[in-house]
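Visitor: I am new to this structure and would like to be taken through it. Could we begin with how the pieces pack together?

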Amino acid sequence: MRANIGNVGHLLRLDQQEQSRIRDELIKENFTYHYLNNAFYQDFCREQRVSPDTILNEGIEHIPLIPVRMFKDRKNADLLLTTPEDEMELEIFSTGTSGIPSIAKRDKESCDNLALSSRMKKKTTKTISWMRRRIVRYAHCPS
């Protein structure tokens, strides 16, 4: 499925039904990966009686939504990480219009997928490179 991420032109030429099928497969793959590799997320899903089998058999609409507050609290945001903290390459903050910014962290593979999926690959790669340099500068700031 990763090849589909990198070939946006091909994806856009597919009919809507095939695009939806590929999207759903990618979502199922990602859900299963995080369910199997993140104990916190697995417990969260189990509390709501959802597993990869549920998603495969009943559809992606059964994937439990993570409350927004989880992304606003540094401790809770770190619980959402499937990849170890020291492998994170990018930390993104929302504008915080509600008063507290949300936090999203990305590892190398996630950054690469973003660059692959962008129509403006060159510009995105430059942006990610710039953001990585800024993160290194702020990596030792107190929480």
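Guide: This is a predicted model. In it, the axes of helix α3 (residues 16-37) and helix α4 (residues 39-47) come within 5 Å.

Visitor: At what angle do the axes of α3 and α4 cross?

Guide: They cross at roughly 105°. That makes the two helices, α3 and α4, roughly perpendicular, because angles of 65 to 115 degrees fall in that class.

Visitor: Which residues of α3 and α4 meet there?

Guide: From α3 come F31, H34, Y35, L36 and N37, and from α4 come A39, Y41, Q42, C45 and R46. Sorted by class, this contact has six nonpolar, three polar and one charged residues.

Visitor: What makes up the largest nonpolar core?

Guide: That core has eight residues in all: F31, Y35, Y41, F44, C45, V50, I55 and I63. The elements that give two or more residues to it are α3 and α4, and α4 gives the most, with three residues. As a general point, nonpolar side chains in soluble globular proteins tend to be buried together.

Visitor: Take C45, then. What does C45 touch, apart from residues up to four places away in sequence?

Guide: With those set aside, C45 touches F31, Y35, V50 and P64. Of these, F31, Y35 and V50 are also listed in the largest nonpolar core.

Visitor: Back to α3. Is K28 buried or exposed?

Guide: K28, which lies in helix α3, is buried, because its relative accessible area of 17% is under the 20% cut-off.

Visitor: And which residues is K28 in contact with, leaving aside its neighbours within four places?

Guide: K28 is in contact with I55, L56 and I60. Among them, I55 belongs to the largest nonpolar core.

Visitor: Where is I22, and how does it sit relative to L11?

Guide: I22 is also placed in helix α3, and it is buried, with a relative accessible area of 5%. I22 and L11 are eleven residues apart along the chain, and their C-alpha atoms are separated by 8.9 Å.

Visitor: A change of topic: what is the phi of R49?

Guide: R49 has a positive phi of about 55°, although it is not a glycine. In general, most residues other than glycine have a negative phi.

Visitor: Where is R49 found, and is it buried or exposed?

Guide: R49 is found in the loop between α4 and α5 (52-58). It is exposed, because its relative accessible area of 74% is over the 50% cut-off.

Visitor: Stepping back, how many helices and strands does the chain have?

Guide: The chain has nine helices and two strands. Along the sequence they follow the pattern α-α-α-α-α-α-α-β-β-α-α.

Visitor: One last point: what share of the contacts comes from residues 24 or more positions apart?

Guide: Counting contacts with a separation of 6 or more, residues 24 or more positions apart account for 41%.

Key: Residues numbered from 1 in each chain as written. Predicted model: local features only at pLDDT ≥ 70, side-chain atom pairs only at ≥ 80, totals over all residues. Heavy atoms only, no water. Helix = DSSP H or I, 4+ residues; strand = E, 2+ residues; numbered from the N terminus. Contact = heavy atoms within 4.5 Å. Axes fitted to C-alpha atoms, helices over the stretch in contact; angles between N-to-C directions. Parallel < 35°, antiparallel > 145°, perpendicular 65-115°, else oblique. Nonpolar A, V, L, I, M, F, W, Y, C, P; charged D, E, K, R; others polar. Buried < 20%, exposed > 50% of the residue type's maximum accessible area, 1.4 Å probe, protein only. Core = buried A, V, L, I, M, F, W, Y, C linked by side-chain atoms within 4.5 Å.
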